[in-house]
Amino acid sequence: MTQAPETEASLPLRKLCTDCGLSRTAEPQRCGQACQFIRPDYPRMERQVHGRARFLPSAQTPTDELHFGPLQAMWQARLRAPLPGAQWTGITTRIAERLLDSGSVDAVICMRPHPDDRWRPQAVVVTRAQDMAACRGMRMGYAPLLSQIEPALQRGLRRLAVIGIPCQVYPLRAIEDQLRREHGLQSLYVIGLPCSDNTHTERFHEFLALLSPEPQRIAYLEFRADYRVEIRTDDGRQRLIPFLQLPLSDLPADFFPTTCRTCVDYTNALADVTVGYMGGRGEQWVLVRNARGQHMLDLLGDELLLTPPSSAGRRTGAVRGFLANLQRAAGGLPIRRMPAWARPLVGWLMPRIGPRGLEFARARVEMKALETLVHLRRDMPARVRSMVPEHVFRLARAYGLVQAPHERPAKAPPPPG
Ligand SMILES: Cc1cc2nc3c(=O)[nH]c(=O)nc-3n(C[C@H](O)[C@H](O)[C@H](O)COP(=O)(O)OP(=O)(O)OC[C@H]3O[C@@H](n4cnc5c(N)ncnc54)[C@H](O)[C@@H]3O)c2cc1C
Ligand code: SF4
Ligand code: SF4
C-alpha cells in the first residue's frame with residue numbers, strides 16, 4: 001500500500017476546489033477543463049461513460065434518472081455478513097477486495113484514515129485485497145485522490161479501480177481518455193459514493209466537540225435515513241441523536257465550504273456503480289449505471305442480498321420547508337426553529353410519516369439542488385451559468401426557482417488532452 005505525501009496544509013488556493021489531486025499532477029492546467037466546479041458538462045460525460053445521457057421524465061415515461069442519473073438497476077442491498085469497521089455493511093470494500101483477488105485490477109485507489117487522525121482521509125494505492133480492510137469507514141475531509149493515478153500507472157499498475165466522491169469522479173472521467181492514450185491505462189472501474197455536507201477535517205472536529213464531552217472517542221458517525229445521527233464510541237457504545245436535536249445552530253456560518261454547498265452531483269452519476277444508503281430504508285442503496293457496474297456486483301455473488309427499493313411518504317412539504325429556511329438564511333434572516341417542546345414529537349414522527357426509501361433520496365437530491373442555486377446566486381452569481389447543469393434547474397423549477405435567461409448554461413469546452 002502506498003500513500004500520498006501531501007497534507008491538507010498545502011491545499012491549492014482556487015476558491016472552489018476540493019483538492020481532488022489534479023492540481024498536484026504534472027499538468028495542473030487540466031483543472032480548467034476537468035473540474036466539476038468550473039464548467040461541467042454532464043450530458044456529454046454521461047454519454048462518454050454510460051453510452052447515453054440520463055433520461056428526463058415525461059408524463060408517459062416516469063423515471064428516477066432526473067434525480068439519480070443514468071441507471072441500469074437500483075437496489076436496496078446489504079452484505080449477508082457485514083464487514084466490521086465498514087460505514088454500512090461494507091459493499092464498497094468488498095467489491096474492491098473482489099476486484100483485486102479475482103485479478104480484475106492491479107490496484108484500487110481510495111482513502112484510508114490518516115495515521116495521525118482517524119477522521120482525516122489519506123489517499124492510498126492498494127494492491128492486495130487484504131489491505132482494503134484498513135480503508136473501511138467514512139472520513140470527513142478532502143485528500144488528493146487523483147494525484148495517485150499517474151504514479152500508479154508509471155509503476156505498471158494499468159488496470160485500476162477508483163473509489164471516490166463526485167467531485168473526484170468528475171475530473172477522473174474528464175481525463176480518462178487521456179490516461180488511456182498517454183499514460184497506459186488499460187481499464188478503469190469506478191465505485192462512487194454519494195456525497196453531501198462534507199467539510200474540512202478540522203471543522204468536523206469542532207462538530208464532534210459539540211456532540212460529546214469526549215469527542216476523541218467517537219469512532220463512527222453517520223447521518224441515517226431514519227432522521228437520526230448515529231455515533232459509536234471506542235468502547236462500543238452507540239448513541240442516536242434525532243436530526244432536530246443536533247447542535248447545528250452552534251456551527252459557524254462557514255462550517256460547510258462553498259464547494260459542498262454548491263456541488264451538483266449528489267449521487268455520483270459518472271460512477272459505474274454508486275454505493276450509498278439514502279434510498280435503502282436502513283440498508284444500503286446501490287445504483288448500477290452500466291455493464292461494468294453490474295460486473296462488480298456480480299463479483300459478490302450470493303454474499304450480497306438485494307431487494308427492490310421502495311418508497312413511502314411525500315417529500316414536497318419537507319423540501320418546501322427546507323427551501324424557506326434556506327432563503328431566510330441567505331437573506332440574513334434567522335431561520336425558523338421549531339419550539340424545543342415540539343422537537344421530540346416531530347423527531348418521533350419524521351421516521352414514521354416523513355419521506356422514506358426512494359422518496360427520502362429524492363427529497364435529499366432536491367434539497368441539494370435548491371441549496372446549490374440559492375448559495376451560488378448569492379455568493380457567486382456569475383458562476384451559475386457555467387456551473388449548474390440543466391437537470392439541477394429542472395429539479396429546482398418544481399419549487400419555483402426558475403432559470404433566468406442569463407443563467408442558460410454555456411457550451412463546455414472539450415476534455416483535456
Ligand atoms: C464525505 C462523505 C459524505 C457522504 N454522504 C452521503 C450521503 O449524503 N448519502 C449517502 O447515501 N451516502 C453518503 N456517503 C457514502 C456513505 O457514507 C458510505 O460511504 C457508503 O454508503 C458506502 O458504505 P460501505 O459500508 O459500502 O463503505 P465501506 O466498505 O466502509 O467503504 C468506505 C469507502 O469510503 C471511502 N472514503 C471514506 N472517506 C472518504 C472521503 N472523505 N473521501 C473519499 N472517499 C472516502 C474509503 O476509501 C472506503 O473505500 C458519504 C460518504 C462520504 C465520504
Ligand atoms: S479539478 Fe480538482 S484540483 Fe482542480 S480545481 Fe477542481 S477540485 Fe481542485
Ligand atoms: S459535498 Fe460535493 S463538493 Fe463536497 S466533498 Fe462531497 S462531492 Fe465534493
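Author: Helix α4 gives three residues to the shell around ligand 1, the largest share. Helices (H or I, at least four residues) and strands (E, at least two) are DSSP runs, numbered from the N terminus. This is a predicted model, where local features need pLDDT of at least 70, side-chain atom pairs count only at pLDDT 80 or more, and totals for chains, interfaces and linings use all residues. Residues are numbered from 1 along each chain as its sequence is written, while chains are lettered from A and ligands numbered from 1 in the order in which they are written.

There are 32 residues around ligand 1, and W88, T92, T93, C110 and G276 come nearest. A residue counts as near if its C-beta atom, placed from the backbone, lies within 6 Å of the molecule. The elements giving two or more residues to this shell are α4 (91-101), β3 (107-114), β5 (159-164), β10 (273-276) and β11 (284-288). By class, the shell has 18 nonpolar, twelve polar and two charged residues. Ala, Val, Leu, Ile, Met, Phe, Trp, Tyr, Cys and Pro count as nonpolar; Asp, Glu, Lys and Arg are charged; the others, Gly among them, are polar.

Now take the loop between α8 (258-262) and β10. N268 is found there. Its phi is near 60 degrees, a positive value in a residue other than glycine. N268 is buried, because 28 other C-beta atoms lie within 10 Å (buried takes 20 or more, exposed 12 or fewer, partly exposed in between; C-beta atoms are placed from the backbone).
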